[in-house]
Amino acid sequence: PQHLRPIYVHSKMAIVDDEIMLTGSTNMDSMSFFHSSEISVTITSKSLAKDTKARLVREVRFAHHTHTH
């Protein structure tokens, strides 16, 4: 819809051992921990971690391909 504007999403993601996924906006510093409105979550799910990793790999490959050709 026309009334919606794009937003800037400042987030991070880590996938550990294809089993644990961390995602959110928190930086690893005291400003993020105690003063900013930041949030992150940790999810333990092998299937979600593997599916998310595969999707990210596809997106990066597609982005690389579209910018180099």
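**Close-up 1. E59 and its salt-bridge partner R55 in the predicted model**.
E59 is partly exposed, because its relative accessibility is 41%. This side chain forms a salt bridge with R55. The closest N and O atoms are 3.0 Å apart. R55 is exposed, at 52% relative accessible area. Both residues sit in helix α2, four residues apart. That spacing means about one helical turn separates E59 from R55.

**Close-up 2. The salt bridge between D18 and K53**.
Side chains of opposite charge can pair when their charged atoms come close. Here the side chains of D18 and K53 meet, with an N to O distance of 3.1 Å. D18 lies in the loop between β1 (12–16) and β2 (20–24). K53 belongs to helix α2 (residues 46–68). The pair therefore ties together parts that are 35 residues apart in sequence. D18 is partly exposed, at 29% relative accessibility. K53 is also partly exposed, with a relative accessible area of 38%. The structure holds two salt bridges.

**Close-up 3. The aromatic pair F33 and F34**.
A pair of aromatic rings is described by the distance of the centres and the angle of the planes. The count for this model is one aromatic pair. F33 and F34 form that pair, with ring centres 6.3 Å apart. Their planes stand at 80 degrees, and the arrangement is edge-to-face because the angle is over 60 degrees. F33 counts as partly exposed, at 47% relative accessibility. F34 counts as exposed, because its 66% relative accessibility is over 50%.

Conventions: Residues numbered from 1 in each chain as written. Predicted model: local features only at pLDDT ≥ 70, side-chain atom pairs only at ≥ 80, totals over all residues. Heavy atoms only, no water. Phe/Tyr/Trp six-rings, centres within 6.5 Å; stacked < 30°, edge-to-face > 60°. Buried < 20%, exposed > 50% of the residue type's maximum accessible area, 1.4 Å probe, protein only. Salt bridge = Lys/Arg side-chain N within 4 Å of Asp/Glu carboxyl O. Helix = DSSP H or I, 4+ residues; strand = E, 2+ residues; numbered from the N terminus.
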